[in-house]
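This report describes one protein chain in plain terms. It begins with the aromatic rings, then turns to the chain as a whole and to one helix.

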Amino acid sequence: MRNLFKRLWAYIWTPAFGVLALAFVAGIVFWGGFHTALEVTNREEFCISCHEMKENVFVEYRNTIHYQNRTGVRATCPDCHVPKEWGPKIIRKIQASNELLHKALGSIDTPEKFNAKRAVLAQHEWDRMKRNDSQECRNCHNYSYMDYAEQNKRSAAKHQVAFNQGQTCIDCHKGIAHTLPPIEQHIGAPKVGAADPGTAASRAAPASAPASN
């Protein structure tokens with residue numbers, strides 16, 4: 001045992017062990033820094049740090065039930081727009097780097113510019129949520145957890161039909177946190193002058209629009 005301890009001690013003082021130890025410490029520092037930076041960019045304060053978001057969609061969101069309600073449960077920007085799972089979250093962060101480009105270009109730096117591109121911006125997000133089965137919505141809302149007896153008749157009927165047909169939240173629930181572009185959702189009474197989803201977006205200029213919100 002004493003000889004084993006001596007050999008181990010001798011190995012500790014070799015250059016190879018020193019390199020491994022430094023690499024281990026550097027890995028911890030890098031991972032800690034990366035995780036901290038990721039969490040900072042995943043806060044509402046960061047999301048609204050640019051006036052494009054703070055003066056447009058954030059103002060709208062503050063007047064909805066997701067911001068203030070009788071239960072005191074609040075869904076913030078990352079709750080709805082950033083997946084919680086590690087892989088999808090990293091993919092979403094990489095996609096969001098496109099928004100930095102458009103921040104520099106000033107694509108939506110005024111309310112007029114923002115509203116001119118609202119339809120295509122919304123369509124980007126609706127398409128993303130459609131692809132991932134409204135993953136962020138389901139962190140709080142899930143067909144399997146619903147007590148249909150506690151819902152009004154119309155909601156209970158619609159939710160059960162949607163569940164049986166494999167629909168996802170965003171198929172019906174658009175415009176619940178931000179002003180809805182002039183599109184037809186095909187629920188309730190027809191909207192005069194509204195276009196089908198995607199049609200309104202196609203009239204905008206997708207080449208110059210960010211891919212979020």
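How many aromatic pairs does the structure hold? The structure holds eight aromatic pairs. Rings of Phe, Tyr and Trp (its six-membered ring) pair if their centres lie within 6.5 Å; planes under 30 degrees apart count as stacked, over 60 as edge-to-face and the rest as tilted.

This is a predicted model, in which local features need pLDDT of at least 70, side-chain atom pairs count only at pLDDT 80 or more, and totals for chains, interfaces and linings use all residues. Residues are numbered from 1 along each chain as its sequence is written, and side-chain values use heavy atoms, with hydrogens and water left out.

**Aromatic pairs**

A pair of aromatic rings is described by the distance of the centres and the angle of the planes. Two of the pairs are listed here.

| Pair | Centre distance | Plane angle | Class |
|---|---|---|---|
| Phenylalanine 34 and tryptophan 86 | 6.0 Å | 75° | edge-to-face |
| Phenylalanine 58 and tyrosine 67 | 6.4 Å | 85° | edge-to-face |

Buried means under 20% relative accessible area, exposed over 50%, and partly exposed in between (1.4 Å probe, protein chains only). Phenylalanine 34 has 32% relative accessibility, so this residue counts as partly exposed. Tryptophan 86, at 43%, is also partly exposed. Phenylalanine 58 is buried at 10%, and tyrosine 67 is buried at 15%. Phe34 and Trp86 also belong to one aromatic cluster with Phe30 and Trp31.

**The chain**

The protein chain has eleven helices and zero strands; helices (H or I, at least four residues) and strands (E, at least two) are DSSP runs, numbered from the N terminus. Of its 213 residues, 30% are buried.

**Helix α10**

Helix α10 (residues 153-165) has 13 residues and reaches 18 Å from its first C-alpha to its last, close to the 18 Å expected at 1.5 Å a residue. That expected span is 1.5 Å times one less than the number of residues. Which residues of α10 are buried? They are Ala156, His159 and Ala162. These cover an arc of only 135° around the axis, which puts them on the same side of α10. The face turned away from that buried side carries the exposed residues Lys153, Arg154, Asn164 and Gln165. At the N-terminal end, asparagine 152 caps α10, with a side-chain oxygen 3.2 Å from the backbone nitrogen of arginine 154. After α10 comes glycine 166, whose phi is positive, near 75°.

How values were computed: The arc is that of the directions from the helix axis to the C-beta atoms. A polar contact is a pair of N or O atoms within 3.5 Å; within protein, one must be able to donate a hydrogen and the other to accept it, and residues adjacent in sequence count only if both atoms are side-chain atoms.
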